[in-house]
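The sequence and structure come first, and the discussion follows.

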Amino acid sequence: MTCASCVARVEKTLKKQAGVSEATVNLATESARITLAGAHGAETLARLKRAVRDAGYEPRTTDAMDDATPARWAGVPVDFFPVLLGLLLSAPLVLPMVGDLFGKHWMLPAWMQFVLATPVQFVLGARFYKAGWHALKALTGNMELLVAIGTTAGWALSTWLWWRAEPGEMVHLYYEASAVVITLVLLGKWLEARAKRQTTSAIRALHALRPERAHLLPDGVRRMELTDVPVDELLPGDIIRVLPGERFAADGEVLLGHTQADESMLTGEAMPVAKQPGDFVTGGALNGEGSVEVQVRAVGAQSVLAQIIALVQDAQAAKAPVQRMVDQVAAVFVPVVLVIALITLGGWLYLGSPVEEALLHAVAVLVIACPCALGLATPTAIMAGTGVAAQHGILIKDAQALEIAHRVDTVAFDKTGTLTVGHPRLQAIEAATGVDELAVLQAASALQAQSAHPLARAVLDAATARGLAVAPDAAQDVQAVAGRGGWGTVQGARLALGSLRWMDELAAPMGPLAECAQALQNEGATVSVLAAQNEAGTWAPLALLAFADEAKPGAAAALAGLRAQGMRLFMVSGDNRGAALAMAKKLGLRADQGEVIAEVLPGDKAAVIKQLRLGEGAEAGQATSHHTVAMVGDGVNDAPALAAADVGLAMSHSQGGSSDVAMHAAGITLMRGDPMLVAAALDISRRTVSKIRQNLFWAFAYNAAGIPLAALGYLSPVLAGAAMALSSVSVVSNALLLKRWKPPVTAPEARLHSPVG
């Protein structure tokens, strides 16, 4: 495909096919994303391919498209040879024009001009005739049709003037205009394709991370020795050895050995991350100096690397909402240009100009009118923006999230795991009178043995530190109660472990423990209660368990940086208000201005986000403003809030535990738990949308200025051809400037020293 008109034509063709409910075509990636209704198979794919070919285009497989590096011969890219041949044949035609500038009147014989120009017109230019003919058959237009009509008119006029000239008469021919226009367009398309390959460099770099083979360890049954196998043959549960300097072949858990993993290409984390037994490693990361044994957890499409690649490809193939307006313009662009060219021809003839002059002005109009730049303006910027964001650990799910994110003026953060480290520790146990502290810890750890909740892990870590052994089946009938805690039976006693609010719901009298709980909360601790049910069915508190968490390094600076950009900030937490206020104070949040929203159940966070979107007066039903809200959470229990926000930003866990949920629940996924990435994600979205607007402005301005100038006779066909080639290249080159983007420094102290901020 070559221009926006091609996009509209292929989309229209695909949507006509039976079973196709939606089709989106991307000019920059030259790909189609098709949604099918109902069952489909190989026959459906074959029918779609045939429809694309009948429309005048060649369907290609994804593998063929991924191989973006052209072959070379004698050091020259093979796809450049048509351009090179065109330059060699056109140069002698242009030379007399250069000579005229220096008073030298060189003129090639007419027959020699014909011999040089005709191969360019009909051999190198055959692609324009073929594509233009298919467009005519479909009663549409495209760039090739304009070029074919314009250059054919110039070639035919020159041939006519030569044929009717008297023997020995010197007539001015226009072969050079047609030959040079075709050569310049071919050169422009080659430069454009070369630039577009750079926009997909992020995808190719991610593909290159995956090693070809893995060292599979013996299992004592089928394999009795170390075997090198293709990565595609790995299965979950296999154990592989990763040597120093190699890339991890699959996602897995370290079983033996210590090392460091360079995950910079996946998460944007510059420093290697220490790995030891029990830690999660991501396929594609670079192993450090240690040799480790890893048990495979996920392979193929389920791996983190495959999901990252799929996510980036989806974002790059998606069509931004602003593109719909461009598509509407492109649908009528070529017919309008043809009408303008006819008006130009008729107008100059009406004013008494010679046929040759009138025809040249019409040809200039046809040649300079280029829908290519319009079609490339949006997708190239999206590809460059999402690609560079992925290299820094920011995965943008779709173009719509990108376009909305630049308008964000309110950011709401989950507390645990987002602004805090997310690894709370058991700080204290306050037992009721006559209750043994070790017995409390033993019972609590039995209830939490099967839970993955951060507070449960803190209880188990404390039990291990105190030398308590916890059997996996020490508790029976264990059941989690969402947002409250859990209960079960331990040694015949019915126990519940959960929040103070849950104890109120269970009507458990806190007695003397109430004052102690309040004091712990005022110190910033998260307080849970272990209670037992007596024979009468009522609950009696046995002890308080106080947990403490730490703010993430850089979290306060990240919030301050966002505030300096004029953002409204909120922390939405399920913790008690005392613990939330204590953490807010560390982070620099203003509780007195309503920036702390505590004691919110997971299911109620979505309602809080909707209220933040409405702004002031929302509670009274008289909202006076509407805010664009971004929600930042860990992608597990925050999923409803992430979906309710205008833009959801999900932080992946350091151990990869929530990557699936994170990637599907939010529009943007942050591949490492660094709050600084929030400002970076909003910044790259602003810069990408800015590039889209710049590209669209210049694409429209180019045509708005170029067509009238050509119609009024201020541009020759050669200059028009050069301008047309330059327009597409300039749009792609402008988008490629995004590849130089680096995440901004958002801390206030850094902003004082950085003009970028």
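In which sense do strand β24 and strand β25 pair, and over how many bridges? In this predicted model, strand β24 (residues 629-633) and strand β25 (residues 647-651) run parallel to one another, and their pairing extends over 4 bridges. Within this pair, Ala630 is placed opposite Val647 of β25. Both strands belong to an open sheet of 7 strands, whose order is β14-β26-β25-β24-β15-β22-β23 and whose pairing is mixed.

An antiparallel pairing is found for strand β17 (residues 475-481) and strand β18 (residues 485-490), which are joined over 5 bridges. Here Gln479 has Trp487 in β18 as its bridge partner. The two strands, β17 and β18, make up a hairpin with 3 residues between them, and in the turn Gly483 adopts a positive phi of about 75°.

Turning to the helices, Tyr129 lies in helix α6 (residues 126-137), while Ala205 lies in helix α9 (residues 201-208). Leaving aside residues up to four places away in sequence, Tyr129 touches Gln121, Phe122, Ala148 and Thr152. With Thr152 there is also a polar contact, made between the side chain of Tyr129 and the side chain of Thr152 at 2.5 Å. The C-alpha atoms of these two residues, Tyr129 and Thr152, are separated by 9.6 Å, and the residues are 23 apart along the chain.

| Residue | Relative accessibility | Class |
|---|---|---|
| Cys6 | 0% | buried |
| Cys516 | 21% | partly exposed |
| Tyr129 | 27% | partly exposed |
| Ala205 | 27% | partly exposed |

Why is Cys6 classed as buried? Cys6 counts as buried because its relative accessibility is 0%, and the buried class covers values under 20%. Cys516, at 21%, is therefore counted as partly exposed. As to cysteine pairing, a disulfide is a covalent bond that links the sulfur atoms of two cysteines. A search of the whole structure finds 0 disulfides.

Conventions:
Residues are numbered from 1 along each chain as its sequence is written. This is a predicted model: local features need pLDDT of at least 70, side-chain atom pairs count only at pLDDT 80 or more; totals for chains, interfaces and linings use all residues. Side-chain values use heavy atoms; hydrogens and water are left out. A disulfide is a pair of cysteine sulfur atoms within 2.5 Å. Buried means under 20% relative accessible area, exposed over 50%, partly exposed in between (1.4 Å probe, protein chains only). Two strands pair if DSSP finds at least two bridges between them. Contact means heavy atoms within 4.5 Å. A polar contact is a pair of N or O atoms within 3.5 Å; within protein, one must be able to donate a hydrogen and the other to accept it, and residues adjacent in sequence count only if both atoms are side-chain atoms.
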